[in-house]
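Biologist: I'm new to this one. Can you put it up and walk me through it?

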Amino acid sequence: MPSFLEAPVAGAYHLLTSLVSALQPLTGAYAAVIAIVLCTLLVRLCLVPLSVRAHRGMQARAAMMPQYKQLTDKHRGDPERLQRELTKLQAESGTSVFAGFLPLLAQLPFFWLMYTLFSRAMVAGESNQLISGSLFGSPLGAHWPILTGTPAYLVIALLLAVVAFFSARLQLRQLDASATPVSTLSRRVAQLLPFGTLLTVAFVPLAAGVYVLTTTTWTVVERSILQR
């Protein structure tokens, strides 16, 4: 790892171990799991303004779809003119095609830290104390092949499947509420894409799986509130 990345890793490690130490008298062996959940919730709370902005941007883009279609039909034979007109329309509306990705992009550094902290035996020049934490007897630093059939993996997988189901329902509801026709392929993708989290946790430590479960649950609750 490049040396300039060691500083944030070491800082996050000392912060998380301090939180684990503070929680241990109350939560015992689950202190590290609770610390991950609390840190994830704090990160998502800080990202609420971005989520609100992303939701408003999606609503604005949905409202502009008829104008998009008109411009596409009008300038179909002139791709450069079409691109200029679409860019102008976005600028006038104050929306961006990237607004919906802002909350996800902002989480990537935290996910990377979580993966790094629970994938290394040595952190900040000392033995990694975090990987000694466990969930239902399974080490937080363990990966899916080691966890197969254990309660920890089954619980995480089951809860992620439930969250993915509700996430898919929300996406379908959003598609149905749009003013434009939705293809069968788009509906199928909306149904299946949320279940990609199950594939993600198969390649990351159990601790990162706890993070994914927490953040996806937050996302579903947050989107349910914003779509009301």
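**Surface patch and pocket**

Modeller: A nonpolar patch on the surface is formed by Y30, I34, L38, L41, F136, V155 and L159, with about 520 Å² of accessible area together. This is a predicted model, where local features need pLDDT of at least 70, side-chain atom pairs count only at pLDDT 80 or more, and totals for chains, interfaces and linings use all residues. Residues are numbered from 1 along each chain as its sequence is written, and side-chain values use heavy atoms, leaving out hydrogens and water.

Biologist: Which element gives the most to the nonpolar patch?

Modeller: Helix 2, with three residues. Helix 2 (31-46) and helix 7 (151-177) are the elements that give two or more. Helices are DSSP runs of H or I, at least four residues, and strands are runs of E, at least two, numbered from the N terminus.

Biologist: And F136, where does that lie?

Modeller: F136 is in the loop between strand 3 (134-135) and strand 4 (138-139). F136 has a positive phi of about 55°, although it is not a glycine. Most residues other than glycine have a negative phi.

Biologist: New topic: what lines the second largest pocket?

Modeller: The lining includes L38, C39, F110 and M114. The residues divide into twelve nonpolar, no polar and no charged. Helix 1 (3-27), helix 2 and helix 5 (102-117) each supply at least two.

Biologist: L38 again. Which helix is L38 in, and how exposed is L38?

Modeller: L38 lies in helix 2. L38 is partly exposed, at a relative accessible area of 39%; buried is under 20%, exposed over 50%, and partly exposed in between, with a 1.4 Å probe and protein chains only.

Definitions and conventions. Patches are made of residues with over 30% relative accessible area and no salt bridge: like charges are joined within 9 Å, nonpolar side chains (Val, Leu, Ile, Met, Phe, Trp, Tyr) within 5 Å. Accessible areas come from the Shrake-Rupley method with a 1.4 Å probe; for residues, only the protein chains shown count as cover. A salt bridge is a side-chain nitrogen of Lys or Arg within 4 Å of a carboxyl oxygen of Asp or Glu. On a 1 Å grid over the protein atoms alone, a cavity is a set of points where a 1.4 Å probe fits but cannot get out, and a pocket is an open set with protein on both sides within 12 Å along at least five of seven lines; lining residues have an atom within 4 Å of a point. Ala, Val, Leu, Ile, Met, Phe, Trp, Tyr, Cys and Pro count as nonpolar, Asp, Glu, Lys and Arg as charged, and the others, Gly among them, as polar.
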